[in-house]
Each structure stands twice: as C-alpha cells, then as structure tokens.
Amino acid sequence: MRKIFIDGGANKGQSTRAFLKQWPNSKEFEIYMFEPDPKDSILKTLENLENKKTKLLPQAIWTYDGKITFYEKASGSEGNTLLKEKTSREKRRYGKREVDCISLKDWIKESFSKEDYIILKLDIEGAEYEVMKDLDQSDAFKYIDLFFCEIHGLKCGKSFDESMELLDICSKYNILPYRWDGNTFNYKKYKNKIYTKEHLTSEYNKWKKRGLK
C-alpha cells in the first residue's frame, strides 16, 4: 500500500509544508503538488523539502487533459482561477492565458489503486464544483480515504444548493469534507473543521453581507 498526499492548488507550497511538518509519518507519503502557475516561492519550497518523494506538476486540476484558460491576478498568486465568473466578482484586475490542465479522475485511476491510502486536498478557486462532480460520476472518489477542500460558494458565483451538492457527493462515499487552510492548518484540530449545512449557511450569510450574490 502506497501513501499519497495530493495537494490540489499548491500555490506557494504552504499546504505541503504544513502537511510534512504536522502529519504523523508524513515522510512515508508520496506528495503530488498541482499548480498551473508555479512561482519562485513554490520552487524554493520544493528545493528545501527533505521529503524527496515530492513532485510538482505544473498543471491545473480539471475534468480533461489539454489546455484551459487560466485567469491570474495582476499582483499576487492567491485567488488565480479557471472560472471567469470568479474574476467578475472581484475588483482586482485579471489577465488570462492558456495553461495545461489534467483530468484528476483519470490521473488518480491510472496512477493508484483502491488499496492505496490517498489524502486529497482541493483548494482550486471554484473549480472544485466541476472536479468533484467528475470524481463522483467516474467513481474515482472511491479511491479517496481522506478529503480536504475549500468551498468557494458566492466568491465564484455558486449558489447554496450547488455547494450543498458537493456535501451530498461526499456523503455518498461516506467521506467527511474537512475544511482546509494551508496557512493555519492544525493537525490536532482538523477533525473539528467539517463542512456542514450549518457551516455553509453561515458562510453564505457572511458573503451576502459583503455584497456577494
């Protein structure tokens, strides 16, 4: 049995750093960092890691292999997205270009077996809606043992019902959708941070107070 940590939306490498620092026996894991726009910061993180089983894959996680439009902020790397809808909901300026994308479901099914222990983390700025549906429709979710994500909701124009569909998918596979923040992750407390209907209701109320609809 292989142990796998998939860092979907690796950004600057903060999630991988947190995982390696806090997760028990983290050195036993193969780590795959997906980031379509790798900056110097993530390359430096990769160079400094003691875990040599860590691999950076410069691709966007999506539902097919090929090319896709990538929207990136004029300054900073956090919040870059595949969703045009998300760019119209922020006051910041975005540029766009084509990047390589990969079918997560196919990559998982071709690379691993159901006997492997796989932790999947998705913080992919709204793309989680299509990717999670794709994992469900292909039964690739059956490969996942532990699941972390960030649900972006109104920040990318998704309704409460659309976000609840993601929780329903997790329930179908008896997977708890744990909330993830690579900057504040605490292994001892992560089991207390689960996406529920009540938590989503609270998040949507906060977003609406900020003027998002």
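Reader: At what angle do helix α5 and α6 pack, and is the arrangement roughly parallel or roughly antiparallel?
Author: In this predicted model, the axes of α5 (residues 128-137) and α6 lie 10 Å apart. The angle at which the two helices pack is about 30°. Angles under 35 degrees count as roughly parallel, so α5 is, relative to α6, roughly parallel.

Reader: Is the crossing of α5 and α6 left-handed or right-handed?
Author: The contact involves residues of α5 including Tyr 129 and Met 132, and residues of α6 including Leu 166 and Ile 169. The crossing of these two helices is left-handed.

Reader: By class, how many charged residues does the contact of α5 with α6 have?
Author: Glu 128, Lys 133 and Asp 136 are among the α5 residues in the contact, and Glu 162, Glu 165 and Lys 172 among those of α6. By class, the contact has five nonpolar residues and one polar residue, and the number of charged residues is six.

Reader: Is Gln 14 buried or exposed?
Author: Gln 14 is in helix α1 (residues 14-22). Leaving aside neighbours within four places in sequence, Gln 14 is in contact with Glu 78, Gly 182 and Asn 183. The relative accessible area of Gln 14 is 11%; buried means under 20%, so Gln 14 is buried.

Key. Residues numbered from 1 in each chain as written. Predicted model: local features only at pLDDT ≥ 70, side-chain atom pairs only at ≥ 80, totals over all residues. Heavy atoms only, no water. Axes fitted to C-alpha atoms, helices over the stretch in contact; angles between N-to-C directions. Helix = DSSP H or I, 4+ residues; strand = E, 2+ residues; numbered from the N terminus. Parallel < 35°, antiparallel > 145°, perpendicular 65-115°, else oblique. Left-handed = near helix turned anticlockwise from the far one by under 90°. Contact = heavy atoms within 4.5 Å. Nonpolar A, V, L, I, M, F, W, Y, C, P; charged D, E, K, R; others polar. Buried < 20%, exposed > 50% of the residue type's maximum accessible area, 1.4 Å probe, protein only.
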